[in-house]
Amino acid sequence: MAEDVKIIVDLKELEALTKRYPEASTTARRGRLQEGLLLLEREIKRLTPEGAGPIHLRDTIFQKLEMRGESAWGLIGTPAVYGAPVEYGTRAHFPPIKPILFWVEKKLGLMGKEAKSAAFCIARAISRRGTKGARMFGKGFEMNEARVVAILERIPADIVMAVSA
């Protein structure tokens, strides 16, 4: 995707806890970051429009956690070339008919000339108006930012619990 969205949480006590208990800190950060990423991935997939298949855009959405030293971050995205147009929408353009025809046959149950005619009409409408973005990534982050922040704010308590056990 072309746009980076960041959720940054300032945990003042985390630096001191990480220096004092590095293994417990790594475990806690990894666990809570993974929890936040899985939450966002689930919600973004839920908001993603369902195509006609055989591979749906939501099936290509993934999350990845990276940890290097004391730094940790995650990303959520899709390698699908049509991910950005679905997220942001498109300007008016005449799209290829074949994917639209496939969609018409699967979703609308039309076949033959009737399907081709419907696919052409959809393509013509896109050529005039473009497409509206679904904003599944943007909405997914906006709707869940507070939940992710709450998850990440539990990292220091997790470290304390781990070393107290």
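Trainee: How far apart do the centres of the positive and negative side chains lie?
Mentor: This is a predicted model, with local features taken at pLDDT of at least 70, side-chain atom pairs at pLDDT 80 or more, and totals for chains, interfaces and linings over all residues. Side-chain values use heavy atoms, without hydrogens or water, and residues are numbered from 1 along each chain as its sequence is written. Lys and Arg count as positive, Asp and Glu as negative, with His and the chain ends not counted; each charge is placed at NZ of Lys, CZ of Arg, CG of Asp or CD of Glu. The chain carries 27 positive and 20 negative side chains, and the centres of the two sets are separated by 9 Å.

Trainee: In what order do the elements of the chain run?
Mentor: Elements are DSSP runs numbered from the N terminus: helices are H or I of at least four residues, strands E of at least two. There are 8 helices and 4 strands. From the N terminus, the order is α-α-α-β-β-α-β-α-α-β-α-α.

Trainee: What radius of gyration does the chain have?
Mentor: The radius is taken over C-alpha atoms, and the globule rule is 2.2 Å times the number of residues to the power 0.38. The C-alpha atoms fill a box of roughly 70 × 25 × 25 Å along the principal axes. For a compact globule of 165 residues the radius would be near 15 Å, but this chain has 21 Å.

Trainee: What share of the residues is buried?
Mentor: Buried means under 20% relative accessible area, exposed over 50%, and partly exposed in between, with a 1.4 Å probe and protein chains only. Of the 165 residues in the chain, the buried share is 36%.

Trainee: Which rings make up the aromatic pair, and is it stacked, edge-to-face or tilted?
Mentor: Rings of Phe, Tyr and Trp (its six-membered ring) pair if their centres lie within 6.5 Å; planes under 30 degrees apart are stacked, over 60 edge-to-face, the rest tilted. The structure holds 1 such pair. Phe94 and Phe120 have ring centres 5.9 Å apart and planes at 50°, so the pair is tilted.

Trainee: How many residues apart in sequence are the parts that this pair ties together?
Mentor: Phe94 is partly exposed at 45% relative accessible area, and Phe120 is partly exposed at 38%. Phe94 sits in the loop between strand 3 (89-90) and helix 5 (97-108), and Phe120 in helix 6 (residues 112-129), so the parts tied together are separated in sequence by 26 residues.

Trainee: Which residue has a positive phi although it is not a glycine?
Mentor: Most residues other than glycine have a negative phi. The loop between strand 4 (131-132) and helix 7 (136-152) holds the exception, Arg135. At a relative accessible area of 34%, Arg135 is partly exposed. A phi of about 55° belongs to Arg135.

Trainee: With which residues is Gly89 in contact, leaving aside its neighbours within four places in sequence?
Mentor: Gly89 lies in strand 3 and is buried at 18% relative accessibility. Its C-alpha atom is 4.9 Å from that of Thr131, 42 residues away along the chain. With contact meaning heavy atoms within 4.5 Å, Gly89 touches Ala84, Thr131, Lys132 and Gly133.

Trainee: How far apart in space are Gly133 and Pro49, C-alpha to C-alpha?
Mentor: Gly133 is in the loop between strand 4 and helix 7, and counts as buried at 18% relative accessibility. Leaving aside neighbours within four places in sequence, Gly133 is in contact with Val86, Glu87, Tyr88 and Gly89. Pro49 is 84 residues from Gly133 in sequence, and in space their C-alpha separation is 10 Å.
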